[in-house]
Amino acid sequence: MVQLKSSKPVSVSFRIPYYTQWGQSLVVCGSEPVLGSWNVKRGLQLSPVHQGDELIWFGTLSLPKGFGPCEYSYYVVDDDRNVVRWEMGKKRRLLLPQTFEGGELLHLHDFWQVGADALPFKSAFKDVVFRRECTLEIEKPLGLIQNSLQNDDSLLVHFKVCCPNLQEGTSIYIIGSCSKLGNWKAQDGLKLFYAGDSTWHADCVLPKGDFPIKYKYCKCSKGGNISSETGPNREIALDSSITEPRYLFRSDGMLRELPWRGAGVAIPMFSVRSETDLGVGEFLDLKLLADWAAESGFHLVQLLPINDTSVYGMWWDSYPYSSLSVSALHPFYLRVQALSENIPTDIKVEIQKAKEELDGKDVDYEATLTTKLSIAKKIFAQEKDNVLTSNSFQKFFSENQEWLKPYAAFCFLRDFFETSDHSQWGRFSQFSIEKLEKLISKDSIHYGVICFHYYIQFHLHMQLSEAAEYARKKGVILKGDLPIGVGRNSVDTWVYPNLFRMNTSTGAPPDYFDKNGQNWGFPTYNWEEMAKDNYAWWRARLTQMAKYFTAYRIDHILGFFRIWELPEHAMTGLVGKFRPSIPLSQEELERDGIWDFDRLARPYIPQELLQIKFGDSWTFIASSFLNEYQKNRYEFKEDCNTEKKIASKLKSFSGRSLLQNEDHIKQELFDILQNIVLIRDPENPRNFYPRFNLEETSSFKDLDDHCKNVLKRLYYDYYFHRQEILWRANALKTLPALLNSSDMLACGEDLGLIPSCVYPVMQELGLIGLRIQRMPSEPGLEFGIPSQYSYMTVCAPSCHDCSTLRAWWEEDEERRQRYFSSMVGSDLLPPSRCVPEIANFIIRQHFEAPSMWAIFPLQDLLILKEEYTTRPAKEETINDPTNPKHYWRYRVHVTLEALIKDKELTSIIKDLVLGSGRSHPGKHAEKQVIPESAIASTEKKQIASGKEKAYVATPLNGVPRKEAVAVPN
């Protein structure tokens, strides 16, 4: 707290440039009562003034006696003081200098903080990429002023800038247009002092006649090398329209440098192969993967979800996005050899035998998990007393018991009742703390089984923690994956049933991945209930994830704007609606002359449609599944009026000659069931939702022109216009809860049908998007252009939800020719195989893109060497989104140890990293120069003619060469 030397109050004037929309204004709000105590409605409202091309917001207040350090932020509000937007990043800090006198006027010159400003302080950068072996010592904390004012013709200016990316021994200076700032000579500039938390500051007294002043920040290395920040000169001008201050505190945000760019490799944990694993990649294999990544120039390893998915006890559980628990790790990834240092010889023999039997081309999910758990139980029987009483286990249990206890109980009850469907568990169907504590008590006869699940989770935690710390020290980020849903029969739906809409299912409307939409089977979230405790379930989930990862991918980030909600009885993803969304009301439809809601909202089944679909068998189908409710018009019978009921009834016909092609009959019946125009809201029958692609239905085609025109207009309004404000507001309520739960770097998977509000919100929140070349976000393009991607993106040639680069290239000859013509610029016939030269060209496009991250599936990188392309390309696909029962079992056909020994491949990849100017582990130790040989057009001709056999490090459709020079780290 500052004790003022005078009884007069200090006045503080806030100044910030910001463009608002009509009806909006800026408010500054903070932790002290004078700034509203974080109640924005009681904060200080600022007033706008146009100055040149800028709109500047001003506001002044008097600080009461005894005013202490205060945090504050700026907010955009509407006319009713409702928050429209707020600053991202850290809270600002108002700290009056200890030598301050009463009656003074202090000007604060701030700049709006966007989400991207906070990224360098995320753990991915702070603790990994920019990790320092030694900690910088604070030279002068904030609040200490070095100089003092002697006369009224001068102004004390305090400069502050953030610079998280600084080599040891480097200093920061200000150079500028006046003598106190060196007259642009670095050796005479103003040296800044480190204040902690990547913040540098200094003050100086400047004659008022020197204003306006222009200046820049620059770095000066231990060896005397000086690098000035990028961009235009900064400027401070005195505002003639307001009272001139004697003190001006300038917060300049980040020191401007060429945008940092890095690269990474993506591979599911289960797909990793090592010489030590038992049939599947294991957490400790991540140490080898980090070694290979660092050697290849990668700063990041991206995984798929690694939570326990043991719901069905069979290979269906290979689907990593349907978790049994959002906190528990999967026993699948346990290294049983590391459970103890004293494993008996007979168990070692068993492990070796299992290792040989499970070392197959693909993952055998059931055999691998069964074997690991069987071996772990034998070791547990010998080790449990020592482990469960150890300090490390007690610490783990204390920190994780909130989720660990219900998880262990759930696993026991699942095995006892032989089902994960907790509705079938009798008196345990309804979760309660009392029942839980009794079940897991030390007096329980099942206590040993409960402790086994504790034991497994403890070792998984220890093994993953070891690997994560190892990767951090190597300069490699571990990036996790946050699934959009949880399993219907999971620990979370059992313990927190009020947080889920159990009568619904989550999916996605028709898009690139599946023209019929997707149904993932997860219950949708009850966001209204989650908001009551400020999304505590989400916050706990992210806190747990941050124990191991420093970055994460938000699966289907569109779900935080709106989710595609389907009825629980649906099997496909077509006939759904967005939640939340503004429906079409019956009154709205009636005003437009739409009256026959029964005709529009029930399946339209004329006799001729049945004859077209089923031919001579139509009468049998009609008698089995339908009722004729009026002449030549049919409706489904009660026992088959949903997709699940149809599938169930078809199984009862199994083996009958009339239904030999059961799948075809099922699909045709589904098509008829989906032959509707409007979907009636089951919770409010006077509300309706337009069926997706309604114009493709025969129900729509048989309507009169007036109905068609009205419904087309309302369809496009519903899907592309009326929801935008609602969806933006929904995302700004839910996403910040995730982002503020940890300091992990967040990336959003924003593929599919993208509302126009998505990109602005992601930019506002500092969320990094995803760009896949074959799924361009720009309208009218068949292939994305990596050189035109925005900085706040991850770019990749493929991902786990589509075919690999090699399979994509080889599966469609006409598309291959179009790509070769438009992207390579050649009219020659492209090679039918994705040879290393083609892979090199495509991969290099992505390396050289402006995107912050270029992340490549390991399968795509292996194409760079011919010897790794012997396996059929289709076998390397991880997931088929069109198949809800896909077996996730792909394993890389080469071990990590072999990849590490392959210096040729790592050299090829690292040359790509170096040639693109991207950062890489160990970059401080190297002086990197981009080769100036061979221009892009020459290389295109070489590839097109098949002459290029060796890698040449030149940009192709990448960032301009002057921007490809490496940024010093």
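Me: Is serine 25 buried or exposed, and what is its relative accessible area?
Reply: This is a predicted model, and the values are computed from it. Serine 25 is in strand S2, residues 25-30. Buried means under 20% relative accessible area. Serine 25 is therefore buried, and its relative accessible area is 11%.

Me: With which side chain does the side chain of serine 25 make a polar contact?
Reply: Leaving aside residues up to four places away in sequence, serine 25 touches Gln45, Trp57, Tyr75, Val76 and Val77. A polar contact, at 3.0 Å, joins the side chain of serine 25 to the side chain of glutamine 45.

Me: How do the rings of tyrosine 72 and tyrosine 74 pair?
Reply: The structure holds 68 aromatic pairs. In the pair of tyrosine 72 and tyrosine 74, the ring centres are 5.9 Å apart and the planes stand at 80°. Planes over 60 degrees apart count as edge-to-face. Both tyrosines are buried, and their pair is edge-to-face.

Me: How many residues apart in sequence are the parts tied together by phenylalanine 431 and tryptophan 494?
Reply: Phenylalanine 431 and tryptophan 494 form an edge-to-face pair, 4.9 Å centre to centre with 75° between the planes. Phenylalanine 431 lies in the loop between helix H5 (391-417) and helix H6 (433-440), while tryptophan 494 lies in helix H8 (residues 491-495), so the pair ties together parts that are apart in sequence by 63 residues.

Me: Why is strand S27 largely enclosed by the rest of the structure?
Reply: S27 covers residues 563-567. The strand is largely enclosed because, of its five residues, the number buried is four.

Me: Which residue is the bridge partner of isoleucine 563 in S28?
Reply: Strand S23 (residues 504-508) pairs with S27 in the antiparallel sense over four bridges, and there threonine 506 stands opposite glutamate 565. S27 also pairs with strand S28 (residues 577-579), in the antiparallel sense over three bridges. In S28, the partner of isoleucine 563 is arginine 579.

Me: What is the omega of the cis peptide bond between arginine 579 and proline 580?
Reply: Most peptide bonds are trans. Proline 580 is in the loop between S28 and strand S29 (584-585). The bond joining arginine 579 and proline 580 is cis, with omega at about -5°.

Me: Where is proline 212 found?
Reply: A cis peptide bond joins phenylalanine 211 and proline 212, with omega about 0°. Proline 212 is in the loop between strand S14 (199-207) and strand S15 (213-220).

Me: How far does helix H26 reach from its first C-alpha to its last?
Reply: Helix H26 (residues 903-916) has 14 residues. At 1.5 Å a residue, a span of 20 Å is expected. The helix is close to that value, reaching 20 Å.

Me: Against which helices do the buried residues of H26 pack?
Reply: The buried residues of H26 include Leu905, Ile908, Ile909, Leu912 and Val913. The helices they pack against are H2 (285-296), H23 (836-847), H24 (858-862) and H25 (896-901).

Me: What is the phi of tryptophan 184?
Reply: Most residues other than glycine have a negative phi. Tryptophan 184 lies in the loop between strand S11 (171-176) and strand S12 (190-191), and is partly exposed at 36% relative accessible area. Its phi is positive, near 75°.

Key: Residues numbered from 1 in each chain as written. Predicted model: local features only at pLDDT ≥ 70, side-chain atom pairs only at ≥ 80, totals over all residues. Heavy atoms only, no water. Buried < 20%, exposed > 50% of the residue type's maximum accessible area, 1.4 Å probe, protein only. Helix = DSSP H or I, 4+ residues; strand = E, 2+ residues; numbered from the N terminus. Pairing = 2+ DSSP bridges. Expected span 1.5 Å × (residues − 1). Contact = heavy atoms within 4.5 Å. Polar contact = N/O pair within 3.5 Å; in protein donor to acceptor, adjacent residues only side chain to side chain. Phe/Tyr/Trp six-rings, centres within 6.5 Å; stacked < 30°, edge-to-face > 60°.
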